[in-house]
Amino acid sequence: MIDFTDRQLIEVLQDGLAKVSRPYALIGQQLDITEDEVIVRLTRLKQLGLIKRLGVIVNHGKLGYRSNAMVVFDVPNYLVAQIAGHVSQLSFVNLCYLRPRGGEQWPYNLYCMIHGKNREKVLQQLEHLIDCCGLSSIKREVLFSRKCFKQRGAIYKVSLEQKKVVSDG
Amino acid sequence: MDEIDRKIINHLQDGFPICELPYQVVATELGLTEAVLIERLKRLLETDILSRFGPMYHAEKMGGELTLAAVKAPQQQFQQIAEIINAMPEIAHNYARNHQLNMWFVIATDKAERLSDVIQEIEQKTALTVYNMPKIKEYFVGLKLEA
């Protein structure tokens with residue numbers, strides 16, 4: 001599906017896009033391919049969904065989003081899809097995932113993230129969520145973040161075997 | 001940070017074009033010059049208001065794996081455990097949260113099979129049980145935060 005050049009592109013690009021007029025030409029120079037080829041390959045990687053998004057990631061704290069709540073619910077399995085559908089409609093919900101329950105002490109399966117600028121507002125939004133999604137009788141917990149230790153993307157490397165295949169060929 | 005910075009941040013959270021003169025395209029849409037856009041973007045990155053500018057990859061489609069995990073870190077060793085976990089390159093995010101499970105982190109590996117090794121390594125280095133909660137289904141992701 002993707003070849004060695006695509007992998008090189010992925011690796012070079014993860015350090016960020018250069019702040020120059022023609023950033024894709026610069027990447028082309030690094031990889032010894034044309035600007036056009038970089039554009040065609042990146043467009044394809046985006047269509048294939050390997051690149052989910054190209055753009056900026058904000059530092060939540062610096063933008064004032066200091067109240068980040070992870071809300072977890074113990075939703076009966078047969079209701080999950082329906083409830084998750086409702087939850088996902090709410091504009092203040094940033095993420096909604098189904099995850100495995102973690103035993104008696106952690107029976108929760110539906111995870112919602114709400115990023116807000118203050119705790120009171122987030123708690124109001126949560127109350128609204130519980131009301132309008134019919135979750136009042138569902139067991140839940142709210143975990144506010146106290147401190148963000150680390151926030152960055154994953155790291156991808158061109159695999160050594162593939163490098164070897166290319167150099168042998 | 002002023003109104004122009006906010007416009008830039010909000011606009012670029014929706015994406016960045018893949019074409020010959022992408023900054024020029026965005027600058028025109030925002031009513032700025034290319035030079036001003038580039039200058040401001042550099043400053044927003046230098047001052048860490050933007051943590052990254054580039055691609056967000058799809059871990060699973062890249063052959064990698066992503067999971068959410070948590071540990072119950074005793075208060076006395078909390079900082080030390082945070083340091084051990086954060087030092088590992090596979091840790092993408094790490095948050096302290098108000099619960100008995102008080103440290104929550106995302107592990108991202110570039111090879112799916114590496115994930116269990118990383119979990120084992122954390123367990124060995126911290127002597128704590130790692131609660132692994134991989135995604136079963138993603139219902140919604142919309143991480144745009146208005147500046």
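How many residues does the contact take from chain A and from chain B? It takes 59 residues from chain A and 61 residues from chain B. The model is predicted. Chain A holds 6 helices and 5 strands, and its domain assignment gives two ranges, domain 1 (4–56) and domain 2 (61–144).

- Chain A has 169 residues, and 30% of them are buried.
- Take the contacts in chain A between residues at least 6 apart in sequence: 60% of these join residues at least 24 apart.

**Chain A: domains**

- Domain 1 of chain A covers 4–56, and domain 2 of chain A covers 61–144.
- The centres of these two domains of chain A, taken over C-alpha atoms, are separated by 36 Å.

**Helix 1 against helix 3 in chain A**

- Helix 1 of chain A spans residues 4–13, and helix 3 of chain A spans residues 35–47.
- Their axes come within 11 Å and cross at roughly 85 degrees.
- Helix 1 of chain A is therefore roughly perpendicular to helix 3 of chain A, because angles of 65 to 115 degrees count as such.
- Helix 1 of chain A brings Thr5(A), Asp6(A) and Leu9(A) to the contact.
- Helix 3 of chain A answers with Val38(A), Arg41(A), Leu42(A) and Leu45(A).
- Sorted by class, this contact of helix 1 with helix 3 in chain A has 4 nonpolar, 1 polar and 2 charged residues.

**The contact between chains A and B**

- On the chain A side, 59 residues take part; chain B contributes 61 residues.
- Three helices of chain A each supply at least two residues to the side that touches chain B: helix 1, helix 3 and helix 4 (77–89).
- Strand 1 (51–58), strand 3 (95–98) and strand 5 (140–151) of chain A also each supply at least two.
- Strand 5 of chain A gives the most to this side, with 10 residues.
- By class, the side of chain A that touches chain B has 30 nonpolar, 15 polar and 14 charged residues.

**Strand pairing across the chains**

- Strand 1 of chain A is joined by 7 bridges to strand 1 of chain B, residues 50–57.
- These two strands run antiparallel.
- Val58(A) has Leu50(B), in strand 1 of chain B, as its bridge partner.

Methods
Residues are numbered from 1 along each chain as its sequence is written. Chains are lettered from A and ligands numbered from 1 in the order in which they are written. This is a predicted model: local features need pLDDT of at least 70, side-chain atom pairs count only at pLDDT 80 or more; totals for chains, interfaces and linings use all residues. Helices (H or I, at least four residues) and strands (E, at least two) are DSSP runs, numbered from the N terminus. A residue is buried if 20 or more other C-beta atoms lie within 10 Å of its own, exposed if 12 or fewer, and partly exposed in between; C-beta atoms are placed from the backbone. Two residues are in contact if their C-beta atoms, placed from the backbone, lie within 7 Å. Axes are lines fitted to C-alpha atoms, for helices over the stretch in contact, and angles run from 0 to 180 degrees between N-to-C directions. Angles under 35 degrees count as roughly parallel, over 145 as roughly antiparallel, 65 to 115 as roughly perpendicular and the rest as oblique. Ala, Val, Leu, Ile, Met, Phe, Trp, Tyr, Cys and Pro count as nonpolar, Asp, Glu, Lys and Arg as charged, and the others, Gly among them, as polar. Domain bounds come from an automatic or database domain assignment. Two strands pair if DSSP finds at least two bridges between them.
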